[in-house]
Amino acid sequence: MPKYYEEKEEDGRACGGLREDLRHCLLESPCVLQENKSPKQCLKEGHCRSLQVTFFACKRSMVSVGGVFSASGL
């Protein structure tokens, strides 16, 4: 189970738990530990892809609240 669901301190940012899980996944991946690549490079290579997609979907949902910036109400 992802650490997001375990007891941990809140960082106060949107999708903070998912961000932390993605960070831990990358730092503990063989790409970083054995191949000595940067987490950013490993992310570009597709490591921790499911957490990356979930995190970006969470961030997107915070931005696209649907119709908030609509000009029809003016």
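This note goes through the disulfides, the salt bridges, the first helix and the nonpolar core of a predicted model.

1. **Disulfide count and pattern.** The model holds 3 disulfides. Counting bonded cysteines along the chain, the pairing reads 1-6, 2-5, 3-4. The next three points take the pairs one by one.

2. **C15 and C58.** These two cysteines form a disulfide, with their sulfur atoms 1.8 Å apart. The torsion about the S-S bond is -90°, and the link is left-handed. The pair joins distant parts of the chain, 43 residues apart. C15 sits in the segment before helix 1, which covers 16-27. C58 sits in helix 4, residues 49-63. C15 has 9% relative accessibility; the cut-off for buried is under 20%, so C15 counts as buried.

3. **C25 and C48.** Here the sulfur atoms of the disulfide are 2.0 Å apart. The torsion about the S-S bond is about -95°, so this disulfide is left-handed. C25 belongs to helix 1, while C48 lies in the loop between helix 3 (39-44) and helix 4, so the link ties together parts 23 residues apart in sequence. C48, at 13% relative accessibility, counts as buried.

4. **C31 and C42.** A disulfide joins C31 to C42, at an S to S distance of 2.0 Å. It is left-handed, with -90° about the S-S bond. C31 is in helix 2 (residues 30-33) and C42 is in helix 3, so the pair ties together parts 11 residues apart in sequence. C31 is buried, with a relative accessible area of 1%. C42 is buried too, at 0% relative accessibility.

5. **Salt bridge within helix 1.** A search of the whole structure gives 3 salt bridges. One of them pairs E20 with R23, the closest N and O atoms being 3.0 Å apart. Both residues lie in helix 1, and the spacing of 3 residues is about one turn of the helix. E20 is partly exposed, with a relative accessible area of 25%. R23 is partly exposed as well, with a relative accessible area of 43%.

6. **Salt bridges at K37.** Which residues form a salt bridge with K37? E35 does, with the closest N and O atoms 3.2 Å apart. E45 does too, with the closest N and O atoms 3.0 Å apart. Through shared partners, E35, K37 and E45 join into one network. K37 is partly exposed, with a relative accessible area of 24%. E35 is partly exposed at 46% relative accessibility. E45 is partly exposed, with a relative accessible area of 41%.

7. **Helix 1: length.** Does the span of helix 1 agree or disagree with its residue count? The 12 residues, at 1.5 Å a residue, should span 16 Å. The end C-alpha atoms are 16 Å apart, which agrees.

8. **Helix 1: packing.** The buried residues of this helix are G16, G17, L18, D21, L22 and L26. They pack against helix 2, helix 3 and helix 4.

9. **The nonpolar core.** The largest nonpolar core has 11 residues: C15, L18, L22, L26, C31, V32, C42, L43, C48, L51 and F55. Helix 1, helix 2, helix 3 and helix 4 are the elements that give two or more residues to this core. Which element gives the largest share of this core? Helix 1 does, with 3 residues. In soluble globular proteins, nonpolar side chains tend to be buried together. The core includes both cysteines of the C31 and C42 disulfide.

10. Which residues does V32 contact, leaving aside its neighbours within four places in sequence? They are L26, L27, K37, S38, P39 and C42.

Definitions and conventions: Residues numbered from 1 in each chain as written. Predicted model: local features only at pLDDT ≥ 70, side-chain atom pairs only at ≥ 80, totals over all residues. Heavy atoms only, no water. Disulfide = S-S within 2.5 Å. Helix = DSSP H or I, 4+ residues; strand = E, 2+ residues; numbered from the N terminus. Buried < 20%, exposed > 50% of the residue type's maximum accessible area, 1.4 Å probe, protein only. Salt bridge = Lys/Arg side-chain N within 4 Å of Asp/Glu carboxyl O. Expected span 1.5 Å × (residues − 1). Contact = heavy atoms within 4.5 Å. Core = buried A, V, L, I, M, F, W, Y, C linked by side-chain atoms within 4.5 Å.
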